[in-house]
Amino acid sequence: MLETALVAFTTFFATIGPLDVAALFAALTVNATPRERRQMALKGTLIGGGILLFFALFGKAVLTSFGITLPALQASGGILLLLIAIDMVFARDSGSTTATDEERVEAQGKKDVSVFPLATPLIAGPGAIGAAVLLVADTKGNTVETAVVIGVLLGMVLLTFLLMLLATQVQKLLGVTGLHVISRVVGVLLAALAVQFIFDGIRDSGLLG
């Protein structure tokens, strides 16, 4: 159970990226009042968290309806997570965990950024959605392990919300270098987990006999 929690924590920390979300939120709401920032942070967190929770609970059923097997999900999810990990190690923006330049430009012209780009793609981006589906599916129906994964997911969403409320202070405390150091360390761990997912998918597919 502890191993499941650690894997879920590392994966969600990397794919949701609470520190990155907080930094971008601070930049996008620089002209908002403290009350408006709190409202947008809460609304974005609830919507983004709701999307992730939906895919965690029903994502496997949706994929099954399209004929997608668990080994295929493990392999493809592992590849996606590996690409995210590589970007984290080299401190590059990833379209799976952050908004693109075009999305940021569009968001800067909006007063309310809670739904876009905060809820999605910053909190509930492709990487986080894929991770939610993959981690729950990987528990193979074990109720306790599934509860652990969902608990860690909700905890990470809550952490993201709290960091958004303290975004300015967090930026000043860690600085750009500090953020990149944390990102690189988590990226290395995520890369190892991603490769393991790929290996498990290939093994369970029966392709190797």
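The points below go through a predicted model, from its confidence to its helices and aromatic rings.

1. On conventions, residues are numbered from 1 along each chain as its sequence is written, and side-chain values use heavy atoms, with hydrogens and water left out. Because the model is predicted, local features need pLDDT of at least 70 and side-chain atom pairs count only at pLDDT 80 or more, while totals for chains, interfaces and linings use all residues.

2. The mean pLDDT (the predictor's confidence in each residue, from 0 to 100) of the protein is 86, and 91% of its residues reach 70 or more. Where pLDDT is low, the predicted coordinates should not be read in detail.

3. T11 has its place in helix 1, which covers residues 2-16. At 1% relative accessibility T11 counts as buried, a word that stands for under 20% relative accessible area, with exposed for over 50% and partly exposed for what lies in between (1.4 Å probe, protein chains only). Leaving aside neighbours within four places in sequence, T11 is in contact (heavy atoms within 4.5 Å) with L81, A131, L135, L190 and L193.

4. Helix 1 also holds F9 and F13, which are four residues apart, about one turn of the helix. An α-helix has 3.6 residues a turn, so residues three or four places apart point the same way. F9 is partly exposed at 43%, whereas F13 is buried at 15%.

5. How many aromatic pairs does the count come to? There are three, where rings of Phe, Tyr and Trp (its six-membered ring) pair if their centres lie within 6.5 Å, and planes under 30 degrees apart count as stacked, over 60 as edge-to-face and the rest as tilted. The rings of F9 and F13 are stacked, because their centres are 5.9 Å apart and their planes are at 25°.

6. F54 and F55 form an edge-to-face pair, with 5.4 Å from centre to centre and 85° between the planes. Both residues are partly exposed, F54 with a relative accessible area of 41% and F55 with 26%. Ring pairs link F54, F55 and F58 into a cluster.

7. F54 and F58 also belong to a nonpolar surface patch, together with L57, V62, F66 and I68, and the patch has about 590 Å² of accessible area. Of these residues, F66 lies in the loop between helix 3 (34-65) and helix 4 (70-89), and at 66% relative accessibility F66 counts as exposed.

8. I129, in helix 7 (residues 126-138), is 74 residues from F55 in sequence but 6.5 Å away in space, C-alpha to C-alpha. Not counting residues up to four places away in sequence, I129 touches I51, L52, F55 and A124. By contrast, the C-alpha atoms of I129 and A23, 106 residues apart along the chain, are separated by 21 Å. A23 lies in helix 2 (residues 18-28) and is buried, at 18% relative accessibility.

9. Why is helix 6 (residues 114-123) described as largely enclosed by the rest of the structure? Eight of its ten residues are buried, namely S114, F116, P117, L118, A119, P121, L122 and I123.

Terms used
Helices (H or I, at least four residues) and strands (E, at least two) are DSSP runs, numbered from the N terminus. Patches are made of residues with over 30% relative accessible area and no salt bridge: like charges are joined within 9 Å, nonpolar side chains (Val, Leu, Ile, Met, Phe, Trp, Tyr) within 5 Å. Accessible areas come from the Shrake-Rupley method with a 1.4 Å probe; for residues, only the protein chains shown count as cover. A salt bridge is a side-chain nitrogen of Lys or Arg within 4 Å of a carboxyl oxygen of Asp or Glu.
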